[in-house]
Amino acid sequence: MTEHPNIAVFRRAMDAFSTGDMDALAEVFHPDVRWHIPGQSPLAGDFQGRDATFATFELDFRLSGGTYRPQLHDVLADDAHAVALLHATASRDGRELDMDYAIVFHISDGRITEGWELWADQRAFDAFWS
């Protein structure tokens with residue numbers, strides 16, 4: 001069985017994100033992407049456009065001193081969506097993040113057009129980043 005093309009889109013994004021290759025990441029993110037991070041932390045908000053979205057990614061790494069590490073459990077996809085099941089670890093100011101999360105993606109024409117992060121424990125996530 002062949003992999004759905006939207007799984008390949010996500011895998012390219014994950015590889016680029018994990019290696020910090022922003023040019024490769026830009027290839028799979030639509031310029032007008034919308035990104036949603038729930039909660040009350042400095043990362044929370046609704047972001048419009050690739051620059052604003054990528055700035056939130058950079059903030060993950062800056063606030064964690066480069067320790068933020070996502071690990072993929074699985075990714076599921078259909079013709080319009082991909083859902084990635086992940087686990088993240090990071091260290092910050094003597095605190096540790098060690099949490100499962102999911103990202104729901106809208107994908108169109110091989111590019112991510114919208115994403116929603118969904119964290120297993122939103123209060124703990126907010127506390128870690130605040």
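Visitor: How many positive and negative side chains does the protein chain have, and how far apart do the centres of the two sets lie?

Guide: In this predicted model, the protein chain carries 10 positive and 22 negative side chains. Lys and Arg count as positive, Asp and Glu as negative. The centres of the two sets are 4 Å apart.

Visitor: What makes the protein chain as compact as a globular protein of its length?

Guide: The chain first has to be described. Its secondary structure amounts to 4 helices and 6 strands, and the order from the N terminus is α-α-β-β-α-β-β-β-β-α. The globule rule gives 14 Å for 130 residues, and the radius of gyration is 14 Å, close to that value, so the chain is as compact as a globular protein of that length. Its C-alpha atoms fill a box of roughly 45 × 30 × 25 Å along the principal axes.

Visitor: Why are residues of α1 such as Ile7 and Phe10 called buried?

Guide: Buried means under 20% relative accessible area. In α1, Asn6, Ile7, Val9, Phe10, Ala13, Met14, Ala16 and Phe17 are the buried residues. Across the protein chain, buried residues make up 40% of the 130.

Visitor: How do you know what span to expect of helix α1?

Guide: The expected span is 1.5 Å times one less than the number of residues. Helix α1, residues 5-19, has 15 residues, and 21 Å is expected. From first C-alpha to last, α1 reaches 21 Å, which is close to the expectation. Just after the helix, Gly20 adopts a positive phi of about 75°.

How values were computed: Residues are numbered from 1 along each chain as its sequence is written. This is a predicted model: local features need pLDDT of at least 70, side-chain atom pairs count only at pLDDT 80 or more; totals for chains, interfaces and linings use all residues. Side-chain values use heavy atoms; hydrogens and water are left out. Helices (H or I, at least four residues) and strands (E, at least two) are DSSP runs, numbered from the N terminus. Buried means under 20% relative accessible area, exposed over 50%, partly exposed in between (1.4 Å probe, protein chains only). The radius of gyration is taken over C-alpha atoms; the globule rule is 2.2 Å times the number of residues to the power 0.38. The place of a charge is taken as NZ of Lys, CZ of Arg, CG of Asp or CD of Glu.
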